[in-house]
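User: I would like to go through this model with you, one topic at a time. Please keep the answers plain.

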Amino acid sequence: ARYEDAPKQGDRLFWLSRAVPGWDSRGSLEAVSSSGPVLVESGVAGWYAPAGTPAPPREFFLEPDRYADAMPGGSGARLPGRVLAHVWDLISGNADQTTVDIEALFPAPPAADLGPGVYQWGRHPLVVSEGVRIEPGAAFDTTEGPIWLDRGAVVRSFTRMCGPTYLGPHAALLGGSVECSSIGPVSKIHGEFASSICLGYANKQHDGHIGHAYMGRWVNLGAETTNSDLKNNYGTIRLWTPPDGELETGEIKLGSLLGDHVKTGIGLLLNTGTVVGAGSNLYGAEMPPRYVPPFSWGSGEELVEYRADKFLEVAERAMARRDVMLSESQRDQLSRAWARARGGGEPARPIEG
């Protein structure tokens with residue numbers, strides 16, 4: 001939302017999208033009465049404006065940490081929680097956060113009523129929501145963390161799930177090994193999916209290894225698409241991000257980061273720390289560069305601009321397969337994203353090594 005559209009009445013909390021609140025934050029916030037920044041353990045998480053006080057100045061949204069440090073006293077309300085510093089923090093911290101979330105939402109869940117031929121072992125719970133269907137031959141290992149199957153989810157035969165893992169509403173596991181992952185709604189996953197995040201409406205219906213990866217919405221992976229998440233020399237992994245260029249992550253394991261509406265052809269191989277911009281369509285036997293600009297089309301290093309009209313045509317067709325209509329507002333948003341991403345500037349260079 002735009003700053004100008006912020007509400008003017010009542011108590012307001014402006015929250016940084018990278019901030020993860022603790023589960024007991026609400027009680028702490030109720031004790032806050034003064035206007036000012038809201039701090040968590042690792043930085044500024046937002047701004048609290050009680051009724052009758054103005055919204056934060058525009059400068060706060062641009063540089064919240066710097067603005068908070070410049071305030072008289074340099075302090076504000078303190079809440080439990082943390083701020084994610086980098087996108088790979090979503091991956092490295094997902095297992096612990098999934099455990100915390102499930103245990104907070106289900107402090108004393110009843111034992112799961114599993115049908116014949118379904119097995120579960122481990123000290124953590126298996127939470128089965130309404131409408132979940134589990135076929136015989138599925139196995140659930142909750143030794144290292146809990147598992148939550150949200151409403152309407154499907155787990156087919158010959159699937160092995162290891163916690164901590166979350167399977168979203170009406171998502172389906174079609175066989176294979178899934179561990180320490182979070183899978184969003186209406187996604188279809190098959191094969192090896194490890195320590196990864198899938199936001200939703202994604203399609204990975206075939207074999208192939210996806211590990212320590214982050215997948216946006218409407219991603220479709222061709223058969224045997226596989227990413228590396230560990231270098232041969234066991235060194236830390238670098239990746240390229242649009243605002244900061246090449247960065248050292250400090251992570252030994254890090255796979256691919258795939259934006260919304262990314263498509264891959266059969267047998268595509270992705271290197272460690274590969275970033276694929278939204279709307280890209282990759283195919284062929286040659287490995288693509290470690291950074292693929294948004295709305296790219298092609299094989300290996302031979303990448304060209306993915307025409308906006310063709311991209312929108314494919315996006316509309318793919319969404320219809322999940323009974324979702326591409327609305328005019330979404331079409332406009334994607335068109336503006338295409339124009340911004342392909343609107344000029346120096347092309348990114350792939351990372352060497």
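User: What is the relative accessible area of Glu305?

Analyst: Glu305 has a relative accessible area of 39%, so the residue is partly exposed. Buried means under 20%, exposed means over 50%, and partly exposed lies in between, with a 1.4 Å probe and protein chains only. This is a predicted model, in which local features need pLDDT of at least 70 and side-chain atom pairs count only at pLDDT 80 or more, while totals for chains, interfaces and linings use all residues. Residues are numbered from 1 along each chain as its sequence is written, and side-chain values use heavy atoms, with hydrogens and water left out.

User: Which residue forms a salt bridge with Glu305?

Analyst: The partner is Arg342, and the closest N and O atoms are 3.8 Å apart. A salt bridge here is a side-chain nitrogen of Lys or Arg within 4 Å of a carboxyl oxygen of Asp or Glu. Glu305 belongs to strand E33 (residues 302-305) and Arg342 to the segment after helix H7 (328-341), so the pair ties together parts 37 residues apart in sequence. Helices (H or I, at least four residues) and strands (E, at least two) are DSSP runs numbered from the N terminus. Arg342 is partly exposed, at 24% relative accessibility.

User: How many salt bridges does the count come to?

Analyst: The count comes to ten. Among them is Arg307 with Asp309, whose closest N and O atoms are 2.5 Å apart. Arg307 is partly exposed at 45% relative accessibility, and Asp309 is partly exposed at 43%.

User: Where do Glu328 and Arg331 lie?

Analyst: Both lie in helix H7, three residues apart, which is about one turn of the helix. Glu328 counts as exposed at 59% relative accessibility, whereas Arg331 is partly exposed at 22%. Salt bridges with shared partners join these two and Glu316 into one network.

User: Switching to aromatics, how many pairs does the structure hold?

Analyst: The structure holds 13 aromatic pairs. Rings of Phe, Tyr and Trp (its six-membered ring) pair if their centres lie within 6.5 Å; planes under 30 degrees apart count as stacked, over 60 as edge-to-face and the rest as tilted. In one of them, the rings of Phe60 and Tyr67 have centres 6.3 Å apart and planes at 80°, so this pair is edge-to-face. Phe60 is buried at 4% relative accessibility, while Tyr67 is partly exposed at 27%.

User: Which residues are linked into a cluster by ring pairs?

Analyst: Ring pairs link Phe14, Trp47, Phe60, Phe61 and Tyr67.

User: And what about the planes of Tyr283 and Trp297?

Analyst: Their planes are at 70° and their ring centres 5.8 Å apart, so that pair is edge-to-face. Tyr283 lies in the loop between strand E30 (281-282) and strand E31 (291-292), and Trp297 in strand E32 (residues 296-299), so the pair ties together parts 14 residues apart in sequence. Tyr283 is partly exposed at 34% relative accessibility, as is Trp297 at 32%.

User: Last topic, confidence: what pLDDT does the protein average?

Analyst: The average is 90, and 91% of the residues score at least 70. pLDDT is the predictor's confidence in each residue, from 0 to 100. Over residues 345-353 pLDDT stays under 50, and the model has 13 contacts (heavy atoms within 4.5 Å) for them beyond four places in sequence.
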